[in-house]
Amino acid sequence: MVEATTAAVPTQEADLQADGLEHLVHTIEHIAHVLPSQGPIQVFIHHNTLHAFEHLSFHDAVKQGGATYGCHPYLPEDRYRQHLARGRIQFEDLAAVLIDDLGEEADHLVSFLGTRHQLRLAMLEHPLRLGPDAELRWLIAETDALRRFREETPPSKREQMIEQTRRWVLRDLSNGSPNENRDAREALASLFEQFGAAGIENWNDATWEAFTLHALWRICHQGVHAVPRFAPLPAPLVRHRDIILQATGIDTDRIVHDVLIRFCGAFLDQGIADWPLPTRELGFFQAFVELYKDARQVDGWLSPLGAELHRIADAQLSAAEVIDENLRRLGVSAGETEEFLSRTMLALRGWAGMIWQMETNAEWIVHRTPHGSLLGFVAVRLLLDRLAVEYVARTELGNGSELQDLRSLARSKIQHASRVSVEQRTFLIFQLAQVLGWTPEALSKLAKSDWSRLVEEIETFSALDRRRIFHLAFERRYRNQVLDAFLIHSQHVAPPSDLPTFQICCCLDEREESFRRHLEEVEPRCETYAFAGFFAVAMYYRGAVEAHHVPLCPILIKPQHYVEEEVVYSLEQTHRARQKTRRVLGKAKHKIHLGSRSGLAGALASIVGSLASIPLVARVLFPRITARVSRLFDSLVQPPALTRLTLERSDPTPGPENGHLGFSLTEMTGIVERVLRDIGLTKRFSRLVIIAGHGSSSMNNPHRAAYDCGACGGGCGGPNARAYAFMANDPRVREALAQRGIRIPPDTFFIGAMHNTCDDTLTFSDLDRLPPSHRGDFEQASAVIKRALCRNAHERCRRFESAPLSITPEAAHRHVEARSEDLAQVRPELGHATNAVCYVGRRWRSQGLFLDRRTFLTSYDPTQDDAERTILTRILQPAVPVCAGISLEYLFSYVDSTGYGCGSKLPHNIASLVGVMDGPVSDLRTGLPWQMVEIHEPLRILFLVESTPAAMQSILEKNPVIQQLVVNEWIQLALLDPDSPSVQLYRAGRFEPYVPESKELPIVSSSVDWYRGSRDHLGFASIVPNVSRRISSKGQA
Amino acid sequence: MIHERIFWLLGLGVVLSPAMLLVSVGLTSLLRFPLSERNMARATQVAVLFGLTCAVLVLGLMLATGIRNVQVEFGDWVVIHPEDFHFHLKFVFDRLSVPFAILTFVLTGTIGAFASHYLHREPGYHRFFFLYAIFLVGMILASLAGTIEVLFFGWELVGLSSALLVAYFHERQSPVINGQRVWSVYRIADAAFLIAALMLHHLTGGGDFEKLMGSGSWPDSVAAITPNQALVVGLLLLVAAAGKSALVPFSGWLPRAMEGPTPSSAVFYGALSVHLGTFLLLRVSPIIELSLPLQLAIVALGVITAVYAALVARVQSDVKSALAFASLTQVGIITAEIGAGLRYIALIHIIGHACLRTLQLLRAPALLQDYRLLENAIGGHLYAEPGWWDRFIPERFRLVLYRLSLERGMLDSMIDEYLVRPFIKVFRWCDTMERRWSSFLAGNPAGRIIHEPLAVPEPAGDELA
């Protein structure tokens, strides 16, 4: 019996402990979802920075996310006020948004001074200054704050207030019955003395103004005295580091991170170091233990590390056990464990997030990170944290061993944070009273409860709420402009009827908007379409010169098919020879690269290093010519230009091996049909149909992948377009398509192309297959495209300060070419910056509308869709999350460039080939660099879909991903009626008709007439060729 | 005669053009008429091109006339009679200074063009170019200096601008801390330099290199002091050079200097600043020649630095640190070459290395693309092969070596722990003693320490309940 119990107890304890550890592991994995989810930087997928908070509504999420990451939820109030001053936000936007926000409470009376709506509007309109007490006292004593009204006070209000005060004083205070206004009289008694009550009847206007303000100040001061606090207290700090930092000014993270970052870098390194971490195979935790357990440390705080690690190694403690132990020794109670761990992991969130991503989500990298690495990271981090805290406690706080109580000891040394003082509150109400015309008399009649309510009213409309309202107003202005523009524009457009000269299908990317617009301007008889840039060809692709397969499809899809580029058989020998040369050259280059960094080989390289000055000077001073020359040299070893894609598969199952490459005929037919049906191109085929994917080329740019095609998973969409064109040209595919109801005429030829959005070139593929009969068509189309590209470059150049506004289209094209080759260029192109809208509908309804490269355009023909809206559903399924991801990533990287974004590009330093750091040692920086988002407007993307409320509702119900984004307001949604120019706006769960604000839309004869001479965001305009005379004659009239 | 005139004019051009740049950039900013980005870039371009042209003409003239040592005098600027001190502004154009000046112009000019694009729209654009102008003046003064005072003046300007450029992003904490660290190390180097300069003054009665190194043009000149004097002065100068060129044990600052924008990291720490120490050694090489122990010390320090940096460079996992240590490896080798008396080789090495490293650092952000191209060419992943010497190191020791390299030899920790901490301790102790002493004198019988009252903020109004 006895024996049995004693045996049972340890196992029970062990079980309990095991449960506890499992819980710990679970907690850490849970927290991992809050870490930045950006993977290795070679592949850049735009995603919502606050993806972990998507289950919340947008406004709750920015609040909570802001608290979690210490970031701004919206722009600073000043920035919105600047927009208000510039007219980018208008006063009626604020009023309308505020009414919406308050709902029924808008008319709620705040004592008798006005409604809540009025009060809040005043607070939004006039900046309320607030400073520390000392500043306020200075303001009162040294400035004329108590002698002159604020500048914002309207003169009429000022007169009125002074007059009323004068009457009040003369009527009630100096002569009235002593029982009335006792409080006010007491408060103002000394004031009369100060101003000389004897001469009261001779006071001039200035004296009365000063007296009014003095009285106002005193009454406010008296009123807010002893009003309780309304704002919640800030949450207490849990991390030892934060408390110690406040108490002593010493940042233990600095010393801990120095060691930790160096180790993380070595552990994750994908090939920068020639000498990889020898213990990497053991996993993060064991690798650290093995590397450091025998180290004799010089730094005082690290001296116990060796002994600790030896103990851990001898007892064979796991990472979870070490975490558990350190939590206990740091005195972290079970209740605060999650908060504590979360704060601890977020302190170095870039690296922690990268470890988690590489552990769970990056199977394609060379040196994989084993499972459990994040756990190891937390264990090492806590161990180092504890050593650092112990050391500081010993040396600075005089606390030898007791870590348990360290936090309360340190807390006691923190000086009290300043609270809201009476002066500050007085000043707030004093400022408000001046702009709202609250007289001292009126205020003196408020009871204590009224004062309390007033203060509460003001303090509960916090800075955060004000910024939210401003943000909503900021969005509302642009939304109304977009919707008005679409409504007005679509009134005078008609579907095309002529057979087009050629048709082109681009990516839905908003950077293609201007390209398409210019194409249509240069050749009004062409038609443009857009589909997600992977053109339904989801594949792993390997080019003829490439070493690895890369996935080319949206991140949501895992491709099953493999496609390779092969040199045509007749040129196989040249190809082989060149491949060999490339390999030899490549190996030599690699040797030189490594050698130049080593000792003796480096010395040899350096002695002849003066030669490096030639490419150095040439590259920097003449980027465009140098690039041409080097391309000329490269072409000697590049594979022959004649290549084929291995697209057709004979074997039933797809795979990466020979014979399994490519697609079956049925799959090809499916792909071709899918795109044609989605974009609504099922009849009226022109003789030439161009399919244009896109990518971007730039130099010296770690974030290069972020400029490529989002629908190709941050790859380049050229191969997809090429594959698609090849499939669509296959007569067997066409035959099968005809059976499915799409008849492509035999004289229609598809051609693939790649649009480089940085240097604005378009490269066609498989031109050798162009039938002689189509050469004329092709040459015409390509001439049109060339002109459109020049114009497109010209329009882009208006955003680049280094290109003069007077630049010609040809010079503009040269300018963007140089940009893409310039080593010193940190803004090769502006990427998705300024994106704001996504239009899903027929092109002819938006054709000719100047959208300023801010609108994603997806082709969709509601008249060809079925009752279940199958087509719209499958368009929106990828488009909504992808576009929302782009829009939200830009939004957050702009709103807080150092917190959510990765700050300025200038000090970036590639670390471990997986990310960038600021300078030599810092956290890995995730998000977008400031140079990419600089000209962005942080708006949630507005989806404008050509559909009906009923159809959209049913799509929302069936697609939880889209529904969550819409319902939680991460995106805005509006519907353009397919048959009439009217819009329904999604608001709080239902669609409401949108009432247009304006009926005017400027009409210009070409895009350049509209954007010429301007660098800022531009409004909308209808482009109607040959209309300039009409406008100018109107102008004269 | 006519030659002298032309040399004087050209020399004036070389020195004056960067100075004019500094004056125009500095004055316009001071007077609140900052130049526009475009004009700033243009001014830099003109100044550098003009200076470069003059320097190249000097070189051409030297080659044509066979004159190998040209001295350009601007007279005494400060004369203090009792001490017989004079600040003599004099520049020397010889086989050492002219190539170095040309290198400076070429690299800074290229970087100037690079930075004018790279820093476009950057709030600190003016600050960068102002510091850049200071740096350029410093480099030119130092490389052409004909007296040790002028060299020191240039040396200081280089140090000042370098430290401020490290701390360029002063809104973040770590650039400022690292900038301060660089500055502190430079102070040690400067102190050693200053003492050496004073000693030379005492020994030869002036700061003129002509007197110091004896007659004859570089590198054939012969110094006129005794070997023992040379050893003491040489060691001091070696400390100065070690600080400036990040030789062991001061190496820790070099990777920290990579906080600034890429172009400044590239040209200053990768290429020019870091070679200034070796340039100093080259300049005083006639002194080094006098003392064998000194030569051995220099070779030893160079070799130690080279081996240390080569090891450390191999394990760095971020590209800028890897390049910083790669740079240091070569600086170590160059130092050893100077110690061994291979002056021309050292000079060629400096020039080649500076160009190569600048190019590499400028291209550092393109590393991902470069690796991808290499992988494509080779047709597989890149694997680093172990070095030939790896075989000779036992497994166990290899781990220790790796760890030491990863921790950069713990040089910074050692300086902090064994130098800075005791230093601070001593001075804190002195501080305490002084307080006691003064309180004793003030008649405080207990002799207790009276702390100055902390600045307690006044109670902030009446606190709210």
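**Exercise 1. Determine what share of chain B is buried, and describe the overall build of this chain.**

Solution. Buried residues make up 52% of the 465 residues in chain B, where buried means that 20 or more other C-beta atoms, placed from the backbone, lie within 10 Å of the residue's own. The structure is a predicted model, in which local features need pLDDT of at least 70, side-chain atom pairs count only at pLDDT 80 or more, and totals for chains, interfaces and linings use all residues. Residues are numbered from 1 along each chain as its sequence is written, and chains are lettered from A and ligands numbered from 1 in the order in which they are written.

Next, the secondary structure: chain B has 17 helices and two strands, taken as DSSP runs numbered from the N terminus (helices H or I, at least four residues; strands E, at least two). The radius of gyration of chain B, over C-alpha atoms, is 25 Å, close to the 23 Å of the globule rule (2.2 Å times the number of residues to the power 0.38) for 465 residues, so chain B is as compact as a globular protein of that length. Along the principal axes, the C-alpha trace of chain B spans about 85 × 75 × 55 Å.

**Exercise 2. Describe the side of chain B that touches chain A.**

Solution. Count the contacts, that is, residues whose C-beta atoms, placed from the backbone, lie within 7 Å: 81 residues of chain B meet 83 residues of chain A. Helix H14 (residues 343-362) of chain B gives the largest share of the chain B side, eleven residues. Sorted by class, that side has 43 nonpolar, 23 polar and 15 charged residues; Ala, Val, Leu, Ile, Met, Phe, Trp, Tyr, Cys and Pro count as nonpolar, Asp, Glu, Lys and Arg as charged, and the others, Gly among them, as polar. For the complex, the predictor gives an ipTM of 0.91 and a pTM of 0.93.

**Exercise 3. Find where confidence in chain B is lowest and highest among its helices.**

Solution. Helix H7 (residues 209-212) of chain B is lowest, at a mean of 76, and helix H12 (residues 292-315) of chain B is highest, at 95. Then check residues 447-465 of chain B, where pLDDT stays under 50 and the model has 25 contacts beyond four places in sequence. Where pLDDT is low, predicted coordinates should not be read in detail.

Conventions:
Two residues are in contact if their C-beta atoms, placed from the backbone, lie within 7 Å. A residue is buried if 20 or more other C-beta atoms lie within 10 Å of its own, exposed if 12 or fewer, and partly exposed in between; C-beta atoms are placed from the backbone. pLDDT is the predictor's confidence in each residue, from 0 to 100.
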